Amino acid sequence: MRALLTKLEQASALDRAGDRLQRSVQATLRPQRVRDLLHGVFIGHPLHPALVQVPVGSWISAAVLDLMPGQRRAATALVGLGTVSALPAAIAGLNDWAALSREQRRVGLVHAAANAVGLTLYAGSLAARLRGRHGTGRALAYLGLGAASAGAYLGGHLAYKQGAQVNQSISELHRIGEGWHPLADMANLPQRKLVTREVDDVSVILYRHGDEVTVMLERCPHQSGPLGEGEVTEIDGHACVVCPWHGSAFRLNGGEVMHGPSGNDQQILPTRVVDGVLEARLP
Ligand code: FES
């Protein structure tokens with residue numbers, strides 16, 4: 001199975017279809033607000049994994065009820081709920097997928113195809129059940145569960161092996177030692193300019209505003225872009241750093257993500273000033 005997944009990651013034959021789908025997803029989900037909503041910016045972590053709980057939970061519950069006598073109506077209701085709720089989960093997933101790396105998009109494409117087959121089979125199951133053909137409905141639902149399970153397996157590979165939409169920067173914290181770390185003389189720190197420094201080999205950015213200084217991990221949570229090379233811009237009255245790679249924006253006075261494709265906030269380090277020297281420590 002591992003060899004198969006490695007082949008899938010390297011399957012450049014999928015790129016033509018993937019590139020075409022990526023363009024059409026980006027053209028369709030154009031408004032920034034819609035994209036941010038679907039990335040999960042408002043909750044501070046990706047929305048897609050949360051949304052898939054509803055169809056997966058409904059379909060598995062329906063599969064159990066289908067094994068019990070007298071549960072046809074309840075099973076039909078759950079198949080209906082799962083089928084309807086799969087649509088927003090799929091749209092959020094496509095929105096995330098369009099901002100992934102090429103290797104991730106190849107696996108994501110097959111993940112989406114397996115789930116599309118599952119969804120189609122469940123829609124057929126629902127139609128059959130509503131027409132009173134419960135035997136056919138049950139058979140289609142079990143086939144749909146098989147396809148959705150294959151999709152879920154690939155989704156797990158995408159997240160846990162390939163790191164799609166997981167916070168790419170948070171593991172940096174494990175490389176920072178305990179205690180306060182000196183970073184810069186306040187006297188030499190410019191106002192409202194990004195400055196890059198290192199804490200135990202971990203790159204951080206410093207942003208001074210008045211006597212306050214924000215110290216933030218430099219590696220972008222989306223795909224490790226260098227935030228130190230990003231622009232500072234104002235969004236909704238807050239100074240934000242914009243990632244130079246795909247445009248995720250993070251508040252410099254808190255680290256909250258303001259625009260995706262990152263669905264994750266960026267980590268800020270607590271600071272203090274001792275004898276004119278700025279210091280930072282682990283949160
Ligand atoms: S690496 Fe993609 S937005 Fe920063």
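Me: What covers the buried residues of helix H1?
Reply: The model is a predicted one. In helix H1, which spans residues 2–9, the buried residues are Leu5, Leu8 and Glu9. The cover over these buried residues includes helix H7 (102–130) and H8.

Me: How wide an arc around the axis do the buried residues of H1 cover?
Reply: The buried residues of H1 are Leu5, Leu8 and Glu9. They lie on the same side of H1, because the arc they cover around the axis is only 100°.

Me: Which residues are exposed on the other side of H1?
Reply: A residue counts as exposed when its relative accessible area is over 50%. On the other side of H1, the exposed residues are Ala3, Leu4 and Lys7.

Me: How are H2 and H7 oriented: roughly parallel or roughly perpendicular?
Reply: The axes of helix H2 (residues 15–28) and H7 come within 10 Å and cross at roughly 90°. Angles of 65 to 115 degrees count as roughly perpendicular. Therefore H2 is, relative to H7, roughly perpendicular.

Me: How many residues of the contact of H2 with H7 are charged?
Reply: On H2 the contact is made by Asp15, Ala17, Gly18, Asp19, Leu21 and Gln22, and on H7 by Arg102, Arg105, Arg106 and Leu109. Of these residues, 3 are nonpolar and 2 are polar, while the number charged is 5.

Me: Is histidine 134 buried or exposed?
Reply: Histidine 134 belongs to helix H8, residues 134–161. Not counting residues up to four places away in sequence, histidine 134 touches Arg72, Thr76 and Arg129. Its relative accessible area is 14%, and the cut-off is under 20%. Histidine 134 is therefore buried.

Terms used:
Residues numbered from 1 in each chain as written. Predicted model: local features only at pLDDT ≥ 70, side-chain atom pairs only at ≥ 80, totals over all residues. Heavy atoms only, no water. Helix = DSSP H or I, 4+ residues; strand = E, 2+ residues; numbered from the N terminus. Buried < 20%, exposed > 50% of the residue type's maximum accessible area, 1.4 Å probe, protein only. Contact = heavy atoms within 4.5 Å. Arc of directions from axis to C-beta. Axes fitted to C-alpha atoms, helices over the stretch in contact; angles between N-to-C directions. Parallel < 35°, antiparallel > 145°, perpendicular 65-115°, else oblique. Nonpolar A, V, L, I, M, F, W, Y, C, P; charged D, E, K, R; others polar.
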